[in-house]
Amino acid sequence: MQYLRRVRLDRTHRELRLAEPTTQTVTSVAYRWGFFHPGRFAADYRAAYGEPPSHTLRRR
């Protein structure tokens, strides 16, 4: 995986872990970090962290 893409995934992961699930969405966080294709983002996220981004957000 590209270095820059991995850094953006890491930042997205951190923000999802800290986000308030009642006011934030996976899509808004992903877009903020430059992921504009939700399906590709979700696949890359799952490959990197072993779970869908929605689970990270809800686990808060």
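Tyr 45 has a relative accessibility of 0% in this predicted model; the cut-off for buried is under 20%, so Tyr 45 counts as buried. Tyr 45 and Tyr 49 lie four residues apart in helix H3, which means about one helical turn separates them. Their ring centres are 4.8 Å apart and the planes meet at 45°, so this pair is classed as tilted. There are four aromatic pairs in the structure, and ring pairs join Phe 35, Phe 41, Tyr 45 and Tyr 49 into a cluster. At Phe 35, the charged end of Arg 8 sits over the ring, 4.3 Å from the ring centre.

Next, the core. Which residues make up the largest nonpolar core? There are ten, among them Tyr 45, Phe 35, Phe 41, Leu 9 and Leu 16. Helices H1 (3-18), H2 (26-32) and H3 (38-49) each supply at least two of its residues, and H2 gives the most, with three. In general, nonpolar side chains in soluble globular proteins tend to be buried together.

Finally, helix H1. The buried residues here are Arg 8, Leu 9, Thr 12, His 13 and Leu 16. Viewed down the axis of H1, they fall within an arc of 140°, so they line one face of the helix. Tyr 3, Leu 4 and Leu 18, on the other side of H1, are exposed. The buried residues of H1 pack against H2, H3 and helix H4 (53-58). Leu 16, for its part, touches residues including Val 26, Val 29, Tyr 45 and Leu 57.

How values were computed. Residues are numbered from 1 along each chain as its sequence is written. This is a predicted model: local features need pLDDT of at least 70, side-chain atom pairs count only at pLDDT 80 or more; totals for chains, interfaces and linings use all residues. Side-chain values use heavy atoms; hydrogens and water are left out. A nonpolar core is a set of buried Ala, Val, Leu, Ile, Met, Phe, Trp, Tyr and Cys residues joined through side-chain atoms within 4.5 Å. Buried means under 20% relative accessible area, exposed over 50%, partly exposed in between (1.4 Å probe, protein chains only). Contact means heavy atoms within 4.5 Å. The arc is that of the directions from the helix axis to the C-beta atoms. Rings of Phe, Tyr and Trp (its six-membered ring) pair if their centres lie within 6.5 Å; planes under 30 degrees apart count as stacked, over 60 as edge-to-face and the rest as tilted. A charge sits over a ring if NZ of Lys or CZ of Arg is within 6 Å of the ring centre and within 35 degrees of the ring normal. Lists of a residue's contacts leave out its neighbours within four places in sequence.
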